[in-house]
Amino acid sequence: DGIKSLKSTDILKFVMIIVIIPIASNIAVNKAGGIENLIHNLKSNKFQICNHEKILYYSMLFILNILPTSSLEPTSTQSLIINRDKKQAKKIYIIRSAANTIFCIMILLIGLSAASLFPDIKPNNTLLHLINSIVPTGLRGLAITGLLMIIISSGNVFVNSGSVLFSRNIATPFIRKLNYK
C-alpha cells in the first residue's frame with residue numbers, strides 16, 4: 001500500500017534527521033569553539049552578514065522557512081489531509097512546525113560552524129567537507145547514508161504525491177468523460 005510505505009519512509013527519515021542533524025550540529029559547534037565563538041566570529045570581518053549584498057533575500061528565505069506555513073508543502077499537506085482525526089492532524093502540524101524551526105536553527109549552526117572552521121571552502125562543498133573533517137570515521141558512513149536516504153525518500157514522497165494528484169484530478173475525470181461518450 002502506497003500510504004503505508006509513505007508513512008514508514010517518513011518515520012525512517014524523521015528518525016535519521018533526529019539523529020544526524022543534532023549530532024552534526026553539536027559536533028560542528030564544539031569544533032568551532034562553541035556558541036560564544038560563533039557569535040564572536042559573526043561580529044568579525046570574516047562574516048559579512050549584515051553588509052552582504054543579498055542580506056534581505058537570505059533573511060526572508062530563513063524567516064519564510066521557519067514560519068509554520070512552511071509545513072504546508074504538498075507532501076505534508078497530503079499526510080494531513082489523509083488523517084481522519086482533526087485533533088491529531090492539528091497536533092502533527094504544530095509538532096512538525098516546531099521541529100522545522102529547531103531543524104532550521106541547527107542547520108544554521110552547522111553552516112556558521114563550517115564557515116568559521118573552513119572560511120576558504122566553496123559553499124557547495126561545505127557539507128561534505130564538514131562531514132569528512134569533523135565527523136568521526138564510524139559515523140561518516142551513517143551520516144552520508146542518512147543524507148542520501150533522506151534525499152531519496154523525499155523524492156519518492158513527491159513522486160507518490162504527484163501520481164495521486166494526477167490520477168485523482170486528471171486521469172479519473174478524463175476516463176469518466178470517455179466512458180460517458
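The secondary structure of the protein chain comes to 7 helices and 0 strands, where helices (H or I, at least four residues) and strands (E, at least two) are DSSP runs numbered from the N terminus. This is a predicted model, in which local features need pLDDT of at least 70 and side-chain atom pairs count only at pLDDT 80 or more, while totals for chains, interfaces and linings use all residues. Residues are numbered from 1 along each chain as its sequence is written, and side-chain values use heavy atoms, with hydrogens and water left out.

**Exercise 1.** Determine how H5 and H6 pack, and which residues make the contact.

*Step 1.* Helix H5 (residues 86–117) and helix H6 (residues 126–134) pack at an angle of about 75°, with their axes, which are lines fitted to C-alpha atoms over the stretch in contact, 10 Å apart.

*Step 2.* H5 and H6 are therefore roughly perpendicular to each other (65 to 115 degrees).

*Step 3.* Ile110, Ala114 and Leu117 of H5 meet Thr126, Leu130 and Ile134 of H6 in this contact (heavy atoms within 4.5 Å).

**Exercise 2.** Identify the buried residues of H6 and state where they lie around its axis.

**Exercise 3.** List the contacts of Ile110 beyond its sequence neighbours.

*Solution.* Leaving aside neighbours within four places in sequence, Ile110 is in contact with Ile21, Ala24, Ser25, Ala28 and Leu130.

Notes:
Axes are lines fitted to C-alpha atoms, for helices over the stretch in contact, and angles run from 0 to 180 degrees between N-to-C directions. Angles under 35 degrees count as roughly parallel, over 145 as roughly antiparallel, 65 to 115 as roughly perpendicular and the rest as oblique. Buried means under 20% relative accessible area, exposed over 50%, partly exposed in between (1.4 Å probe, protein chains only). The arc is that of the directions from the helix axis to the C-beta atoms.
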